[in-house]
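Please look at the sequence and the model below, and keep both in view while reading the short report that follows.

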Amino acid sequence: MEKTIKWEKDFDRVLTLARAEKKMVLLDFFNPL
Amino acid sequence: MGAVTYPNERVVEFIKRHMVPIQVLFDSQPLATNFNIQWTPTVITLDEEGKEHHRTIGFLSPEEFIPSLMLGVAKCHFDRERFSEAIAMIEETLKDYPKSDAAPEAVYMQGVALYKSTHSAEPLKEAYKRLQSEYPSSEWAKRAQPYRLL
């Protein structure tokens, strides 16, 4: 099992993956500070 | 979120099974403007066309985050009239996380999704009864009050 979340960075790629895998998208806006 | 919730094994597994995750800085353009980001963390559930269906702001523990995501996935299905998929995810939410903050809304959504898929008002009345019984102080119990008359 994956031990960490494999975060994507490119929004267009995420939508392509979501369509291909028939999944929803989790979009997280974060502040590193 | 990054220190507590995202490393959680159950969170990792749920996201891997149901979602494609993307993480961006709060001021990343054009996304921050397009989604009107004013505070962090903001977590949004989108469908595969990029349309928003659910949003949370602020920290959530793993025990609250997973049912929140489940509700988001259910809303994606519901909003596109995929009622059987929405109901299945709601039932899983209520089975696994009945004490979560997402649960009362899930009960309400379950009633509405069942009503829209069966055209029977009985599920709305059942949702009202369950909310009054199990979540009487929730805002969703108040929102369901008109269904007592059905």
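## A helix of chain B

Helix α3 of chain B covers residues 62-79, and its 18 residues reach 25 Å from the first C-alpha to the last, close to the 26 Å expected when 1.5 Å is multiplied by one less than the number of residues. Helices here are DSSP runs of H or I with at least four residues, strands are runs of E with at least two, and both are numbered from the N terminus.

The model is predicted, so that local features need pLDDT of at least 70 and side-chain atom pairs count only at pLDDT 80 or more, while totals for chains, interfaces and linings use all residues. Residues are numbered from 1 along each chain as its sequence is written, and chains are lettered from A and ligands numbered from 1 in the order in which they are written.

## A sheet from two chains

Four strands form an open sheet with mixed pairing, in the order β1(B)-β1(A)-β2(B)-β3(B), where two strands pair if DSSP finds at least two bridges between them. The edge strands, each pairing on one side only, are β1 (19-25) and β3 (52-57) of chain B.

Strand β1 of chain A, residues 24-30, runs parallel to β1(B) and is joined to that strand by seven bridges; within this pair, Leu26(A) has Pro21(B) as its bridge partner.

## The hairpin

Strand β2 of chain B, residues 42-46, runs antiparallel to β3(B), with five bridges between them, and Val43(B) has Thr56(B) as its bridge partner. These two strands form a hairpin with five residues between them, and Gly50(B) in the turn has a positive phi of about 90 degrees.
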